[in-house]
Amino acid sequence: MRLVVENLACERSGRPVFQGVSFAVDEGEAVALVGRNGAGKSTTLQILAGLLEPSGGSILLDGGHDDRTLPEQAHYVGHRDALKPALTPHEALGFWQAMLGEPAIDPDEALDRLGLGHAADLPCAYLSAGQRRRLALARLLVSDRPVWLLDEPTSALDAASQQLFAQIVNRHLERGGLVVAATHGPLGVRETASVRIGPA
């Protein structure tokens with residue numbers, strides 16, 4: 001599998017956000033999108049996830065399921081955790097697994113791997129920022145999708161949780177997955193190249 005982005009451009013309200021963004025990532029590799037705040041890192045991920053339309057350029061996913069689009073083969077975890085406060089972590093993961101399809105592991109196992117088993121039946125409103133972030137990342141484990149699009153995935157995570165995140169991503173890469181992540185800091189994962197969005 002190979003994801004190729006060539007000369008991607010984006011405009012909002014007729015004003016250019018960025019242009020000329022090109023990169024390629026193969027299975028087993030990760031790419032870190034870097035750049036200043038407002039440069040367009042999150043926008044790039046949203047375009048790849050099918051949430052926004054580019055104003056120019058091309059996106060090609062070579063490999064995977066021929067009858068599915070890139071968004072249908074990708075996990076997108078934005079910088080907001082997208083959790084309903086009244087749902088429990090178990091309910092939230094069950095919802096995401098049912099919506100995304102391709103079940104992988106049981107929600108309870110995913111919660112245990114992210115150190116949230118003890119909070120499985122608490123409303124999400126009671127979780128700390130770090131716990132909410134770990135729950136959002138647990139979504140990656142309950143449905144099997146080869147492309148992971150991650151926006152500031154380590155925000156609000158302590159050092160131990162960052163190491164756990166790196167282990168999960170490295171396991172995904174070892175299985176032939178690929179990752180594109182917007183970040184301001186090191187991801188701590190192998191095979192990471194950097195692509196700058198916007199001016200240096």
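Predicted model: local features only at pLDDT ≥ 70, side-chain atom pairs only at ≥ 80, totals over all residues.
## Figure legends

Of the 200 residues, 48% count as buried.

**Overall fold and dimensions.** The protein holds 5 helices and 8 strands. From the N terminus on, their order is β-β-β-α-β-β-α-α-α-β-α-β-β. The radius of gyration is 17 Å, close to the 16 Å that the globule rule gives for 200 residues, so the protein is as compact as a globular protein of that length. The C-alpha trace spans about 45 × 35 × 30 Å along its principal axes.

**Close-up of the aromatic pair, Phe95 and Trp96.** The structure holds 1 aromatic pair. Its ring centres, in Phe95 and Trp96, lie 5.5 Å apart. The ring planes meet at 70 degrees, and over 60 counts as edge-to-face, so the pair takes that label. Phe95 is partly exposed, with a relative accessible area of 46%. Trp96 is buried, with a relative accessible area of 15%; the cut-off for buried is under 20%.

**Close-up of Arg139 over Trp96.** The charged end of Arg139 sits over the ring of Trp96. Its distance from the ring centre is 4.0 Å.

Technical notes:
Residues numbered from 1 in each chain as written. Heavy atoms only, no water. Phe/Tyr/Trp six-rings, centres within 6.5 Å; stacked < 30°, edge-to-face > 60°. Buried < 20%, exposed > 50% of the residue type's maximum accessible area, 1.4 Å probe, protein only. Lys NZ or Arg CZ within 6 Å of the ring centre and 35° of its normal. Helix = DSSP H or I, 4+ residues; strand = E, 2+ residues; numbered from the N terminus. Rg over C-alpha atoms; globule rule 2.2 N^0.38 Å.
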